[in-house]
Amino acid sequence: MKFLVVGAGFTGAVIARELANNGHNITVIDQRDHIAGNCYTVRDSKTNIMEHKYGPHIFHTNDEHVWNYVTSHTEFKPYINRVKTTYNGKVYSLPINLHTINQFYNKCFNPIQAKQWIESISDKSIQEPLNFEEQALKFVGKDIYEAFFKGYTKKQWGCDPTELPASILKRLPIRFNYDDNYFSHQYQGIPVNGYTPLVESILDHPNIKVQLNTAFSKNLYNTFDHIIWTGKLDQWFNYSEGKLGYRTLDFEKNYADGDYQGLAVMNYGDITTPYTRISEYKFFTPWESHEQTIF
């Protein structure tokens, strides 16, 4: 059978490869001029630093089959994502953990004391949170919510936290130990040569043809037996119900000598800071050495 896969990111590449392995002929198209979708990485021409063009990506999973799959296509090195956040002129550890709580409240709690403290400051009047803000107040109380979630969320989502569902915050952990690993998955790492060669390897099959700078047209319906769409859901329906409220990011690129902030990701919780975070890409490849930096 002839398949058209729309989108040359991770999803499209894996689907195409598995179908090709089963003897089908696959055409993969992408409207961009590169493969790998939002995971696209490329060497910066001035510094040779591996840049994640659409924001940083750390591969993490608990699924051994998935880990074995990606590591069979390229070499990975272990990478632990340790994020900090700046609020009101001070730097704190994320995700919220025992260090964050003790530093924020100028305490020396042990895990049991910290749990009791968070319980004492949480808003017990909220039984069934109806939105992000209510979930946060019920979860961690007013002070932590306003320091680490309120301003950051307004900037990240472009709307008030009361307009967002409570389910978003349920994914964010709070830890009563000193574990500052942003993820809790067993397998965590970054491809040594970036994500683009990884996706390129997945697409490297005689039954797969890749066409870039190619937008999807529904005139292709009669050309293929099956079409697999991995793009925007609302785009598939020609925005007949309007555009979905996707979270979007604007990127600004800067250069400096040496190190700029000393770690890969620094968040900014203050609403007065006009951006959500700074990513310094050299720190995503700590096995490399660079005299300059990009952020």
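Thr85 stands opposite Asn267 in strand E13. Strand E7 (residues 83-87) and E13 pair in the parallel sense over three bridges. Two strands pair if DSSP finds at least two bridges between them. Helices (H or I, at least four residues) and strands (E, at least two) are DSSP runs, numbered from the N terminus. This is a predicted model, in which local features need pLDDT of at least 70 and side-chain atom pairs count only at pLDDT 80 or more, while totals for chains, interfaces and linings use all residues. Residues are numbered from 1 along each chain as its sequence is written, and side-chain values use heavy atoms, with hydrogens and water left out.

E13 also has strand E14 (residues 277-279) as a partner, running antiparallel and joined by three bridges. There, Val265 has Ser279 as its bridge partner. Which way do the residues of E13 (residues 265-268) point? Val265 and Asn267 point one way, Met266 and Tyr268 the other way, and all are buried. Buried means under 20% relative accessible area, exposed means over 50%, and partly exposed lies in between (1.4 Å probe, protein chains only). In a regular strand the side chains alternate between the two faces of the sheet.

Now turn to helix H3 (residues 98-105). Its buried residues are Leu98, Thr100, Ile101, Asn102 and Tyr105. They pack against strand E8 (90-94), helix H4 (111-121) and helix H5 (132-157). At the start of H3, a side-chain oxygen of Asn97 comes within 2.8 Å of the backbone nitrogen of His99. After H3 comes Asn106, with a positive phi near 55°.

The largest nonpolar core has 60 residues, and Ile26 and Phe149 have the most contacts inside it. Such a core is a set of buried Ala, Val, Leu, Ile, Met, Phe, Trp, Tyr and Cys residues joined through side-chain atoms within 4.5 Å. H5 gives the largest share of this core, nine residues.

Next, the rings. Rings of Phe, Tyr and Trp (its six-membered ring) pair if their centres lie within 6.5 Å; planes under 30 degrees apart count as stacked, over 60 as edge-to-face and the rest as tilted. By this rule there are 23 aromatic pairs. Why is the pair of Phe59 and Phe76 edge-to-face? Their ring centres are 5.8 Å apart and their planes stand at 70°, so the pair is edge-to-face. The pair links distant parts of the chain: Phe59 lies in strand E5 (residues 59-61) and Phe76 in strand E6 (residues 76-78), 17 residues apart. Phe59 is buried at 14% relative accessible area, and Phe76 is buried at 13%.

Tyr182 and Phe183 also form an edge-to-face pair, 5.4 Å centre to centre with 85° between the planes. Tyr182 is partly exposed at 31%, whereas Phe183 is buried at 17%. Elsewhere, ring pairs link Tyr87, Tyr92, Phe104, Tyr105, Phe109, Trp117 and Phe148 into a cluster.

Finish at Gln188, in strand E9 (residues 187-191). Gln188 is buried, with a relative accessible area of 9%. A polar atom of its side chain lies 2.8 Å from the backbone oxygen of His185. Leaving aside neighbours within four places in sequence, Gln188 is in contact (heavy atoms within 4.5 Å) with residues including Phe59, Trp67, Lys77 and Phe183.

Terms used:
Polar contact = N/O pair within 3.5 Å; in protein donor to acceptor, adjacent residues only side chain to side chain.
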